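Here is a short note to read alongside the model.

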Amino acid sequence: MLYFNGSDVKNIGKYLSLYEENGESVSFKDVLEHPELFTKCETDVPNLGIVKKPHWIKFKIVNNSDEDRLIVDLSHPNIAEVKFYSIINSEIDSVGYNLKQGYSDRKYSHQFYLFDLQLKKGESAVCYMKLQSETQVIVPLSIHTPAGLFDFLQKEDVLSAIYIGLMLSLVLYNAFLYVATGEKHYLTYVNYIFWVFVAQMAVLGLFERVFPIRSEWLSARLLTFSGAMSGIGAILFVKSFLHTSVEAKGFNKLLNVFLLGYFFAIVLLIIGYIIPAYRIVNLVAGGGAAIVLIFAFELSRRKYSQTKFFLFAWCIFLISVLVYVLKDYGVLPTNVFTARSVQIGSVIEALLLSFALADKINTYRKEMLELQVRELAISQENEKLIREQNVILEQKVRERTEELQESNKSLSLTLSNLKDAQAQLVESEKMASLGQLTAGVAHEINNPINFVTSNVSPLRRDVNILWDIIDQVEMIALNNDLQPAEKQEKIQNIKNINDVDYLKSEINFLLKGIQEGAERTAEIVRSLRIFSRIDEDTLKRADLNECLDSTLVILNPMTKERIKILKKYHSIPMVECYAGKLNQVFMNILSNAIYAVEKKFNGKIGGEIKIETKLNDDLSKVIISIMDNGTGIPPEVIGRIFEPFFTTKDVGEGTGLGMSIAYKTIERHNGKIGLQSTVGEGTTFEIHLPIKQ
């Protein structure tokens with residue numbers, strides 16, 4: 001029995017009872033009549049394995065809180081079908097969802113399965129859940145209040161957004177390097193990390209939120225297909241990066257066998273054998289990863305220094321997968337780190353592989369430069385020899401005519417070789433100039449990436465310390481000769497020695513630096529893309545008050561307690577719009593307001609931003625006003641505020657695209673945006689948007 005006291009309860013696996021159908025269809029009535037079918041679960045997060053038979057889950061809950069509505073959260077987006085039953089005061093209620101439905105068809109438009117539990121204080125409920133899927137089923141079940149659910153989902157979305165931003169930055173950055181340099185290694189690398197990104201998007205259940213699929217056939221196969229494609233991309237990258245066709249022909253043939261395994265799994269997936277395809281992909285992925293790791297160790301030991309980056313990246317990713325698997329089987333606790341370990345590992349792996357590529361290409365260029373230097377030295381030596389021979393020949397021309405003729409033949413051949421060498425040097429110089437040009441163009445995007453790369457080394461060090469702490473704690477926990485008090489004392493000593501609190505704060509600081517670098521890169525790429533491409537989103541009805549609130553939540557770290565936010569929201573109808581684009585407009589205007597206030601008050605108290613929403617006189621438009629008491633805008637600058645690439649901020653603090661994009665977005669909505677500003681007093685932006693397009 002679970003007693004809910006008002007605080008969210010995460011991973012209630014030990015309060016659950018489980019039952020697996022034995023092949024015959026079982027109805028809810030049958031389940032109610034045979035409670036002996038259920039067995040108690042012993043883990044916080046049950047792992048039901050890869051089975052096609054339906055599973056039933058049962059738990060009892062008593063609401064001892066002041067909330068009249070609780071929410072049951074199943075944080076696994078890839079279960080094919082979920083049906084939830086609740087019995088309250090002898091009344092049965094049920095609701096069911098499946099993957100062929102869009103998220104918008106659910107009560108809560110989110111990738112997680114969320115169910116309401118209308119339970120007053122002191123009431124109890126018996127809940128049943130029927131699960132059916134064709135992939136591995138993990139059951140992270142939690143109970144939330146509405147406010148707690150909002151906080152939980154917000155944190156999950158922020159972590160997903162960070163991961164998406166980092167991976168997209170790496171994909172776009174290396175795609176740019178491929179276009180600039182023409183190195184095929186970058187192409188195979190971009191293909192690999194793209195499919196890893198797609199696979200993780202499928203694991204996180206984010207595709208429906210970006211691309212409404214609404215296809216049961218595609219939804220059931222997306223996870224396995226993306227996993228197979230990421231495996232194919234990994235093999236192609238390994239073959240290219242390690243030159244297996246030349247350095248290890250036997251290993252190259254073995255990789256081809258794994259490729260055939262992935263293609264066979266895709267064929268099975270297409271014709272409908274989903275579970276066998278899923279098992280084959282997991283089997284091939286595990287075997288292929290182990291083989292690649294062994295070969296990379298051997299190659300690194302022999303001669304290739306650049307494989308050390310590759311080897312370390314591969315080890316990091318495999319460790320992250322191992323952490324995720326151990327979490328699923330209850331060996332490690334379920335927390336933010338273990339639940340997101342694969343995403344963390346894939347980002348670190350992508351970064352390290354990018355470094356490995358750069359190191360490999362630098363090695364090639366260094367070898368080419370050394371070859372050119374040797375050829376130039378030989379050329380100069382030949383020229384010196386020719387001069388000496390000419391002097392000798394001029395002195396002895398009459399006496400050694402026959403020898404001179406032989407020398408002339410040799411000289412002709414040498415001159416021919418010199419011309420060839422000269423042509424090669426000219427071509428090499430052209431390539432060097434192209435490389436310098438490429439480096440200059442890449443510098444703009446490379447700057448923010450340095451935020452990320454500079455924090456990788458200390459972050460790796462801190463993570464290694466954490467692994468050491470985990471190993472020591474595990475040894476203490478498994479030592480049956482120690483009493484619980486002794487174990488607790490030893491664990492506390494380990495935490496004191498390693499200063500775990502400082503380690504946490506340092507990791508958070510490093511992650512913040514990585515996040516800022518990634519966000520800066522994403523801002524440059526996203527701003528340029530939005531400015532130059534036609535928006536393909538569809539119109540949807542949105543509550544602009546909620547849009548403003550969500551934007552303020554995102555900007556909260558910038559305002560903190562220094563700036564007071566005053567909101568005056570009137571009752572306004574839903575507006576037909578491109579909600580995502582309007583959020584960007586609000587964010588751009590609010591960011592500029594925060595910048596102006598910070599610049600005026602310089603971190604002191606007194607800054608204010610006022611936001612007001614209301615209807616116009618004929619009730620056909622919504623008016624949004626955003627006012628600040630910042631530095632204001634000089635009159636000679638106001639006319640240029642909406643020009644592309646114009647900014648009043650210092651170098652490196654703004655791209656100059658924010659207000660231009662805001663103007664075009666409002667214009668696309670058939671609306672108007674204007675501003676009034678007084679230097680030293682503040683600025684007011686006013687947006688008029690029609691309710692219907």
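1. A term first: a patch is made of residues with over 30% relative accessible area and no salt bridge, and nonpolar side chains are joined within 5 Å. In this predicted model, Trp217, Leu218, Val267, Ile270, Ile271 and Tyr273 form a nonpolar patch on the surface. Two elements give two or more residues each: α5 (216-241) and α7 (249-271). The largest share, three residues, comes from α7. Ile270 sits in that helix, α7.

2. The unreviewed UniProt entry lists "transmembrane region" for residues 158-179, 186-207, 219-242, 254-274, 280-297, 309-326 and 338-358. In the model, residues 254-274 are 90% helix and 0% strand, with end C-alpha atoms 25 Å apart. Residues 158-179 are 100% helix, and their end C-alpha atoms lie 31 Å apart.

3. Helix α2 covers residues 146-181, 36 residues in total. From first C-alpha to last, α2 reaches 52 Å, close to the 52 Å expected at 1.5 Å a residue. Just after α2 comes Gly182, with a positive phi of about 75 degrees.

4. Now the whole chain. It holds 18 helices and 19 strands. Of its 693 residues, 43% are buried. Among contacts between residues at least 6 apart in sequence, 75% join residues at least 24 apart.

5. How many salt bridges does the count come to? Eight. One of them pairs Asp116 with Arg69, at 3.4 Å from N to O. This pair links distant parts of the chain: Asp116 is in strand β9 (residues 113-118) and Arg69 in strand β6 (residues 69-74), 47 residues apart. Asp116 is buried, at 18% relative accessible area. Arg69 counts as partly exposed, at 28%.

6. Arg461 and Glu506 also meet in a salt bridge, at 3.0 Å from N to O. Arg461 belongs to helix α12 (residues 401-478) and Glu506 to helix α14 (residues 500-532), 45 residues apart. Is Glu506 buried or exposed? Glu506 is buried, at 16% relative accessible area. Arg461 is partly exposed, at 42%.

7. Arg562 forms a salt bridge with Glu598, with the closest N and O atoms 2.8 Å apart. Arg562 lies in the loop between α15 (544-559) and β14 (563-569) and Glu598 in helix α16 (residues 579-601), so the pair ties together parts 36 residues apart in sequence. Arg562 is partly exposed, at 26% relative accessible area. Elsewhere, salt bridges that share partners join Arg69, Lys107 and Asp116 into one network.

Note on methods:
Residues numbered from 1 in each chain as written. Predicted model: local features only at pLDDT ≥ 70, side-chain atom pairs only at ≥ 80, totals over all residues. Heavy atoms only, no water. Helix = DSSP H or I, 4+ residues; strand = E, 2+ residues; numbered from the N terminus. Buried < 20%, exposed > 50% of the residue type's maximum accessible area, 1.4 Å probe, protein only. Contact = heavy atoms within 4.5 Å. Expected span 1.5 Å × (residues − 1). UniProt positions renumbered as here; feature names shortened; annotations may be inferred. Patch = residues over 30% accessible without salt bridge, like charges linked within 9 Å, V, L, I, M, F, W, Y side chains within 5 Å. Areas by Shrake-Rupley, 256 points an atom, 1.4 Å probe, with all protein chains shown as cover. Salt bridge = Lys/Arg side-chain N within 4 Å of Asp/Glu carboxyl O.
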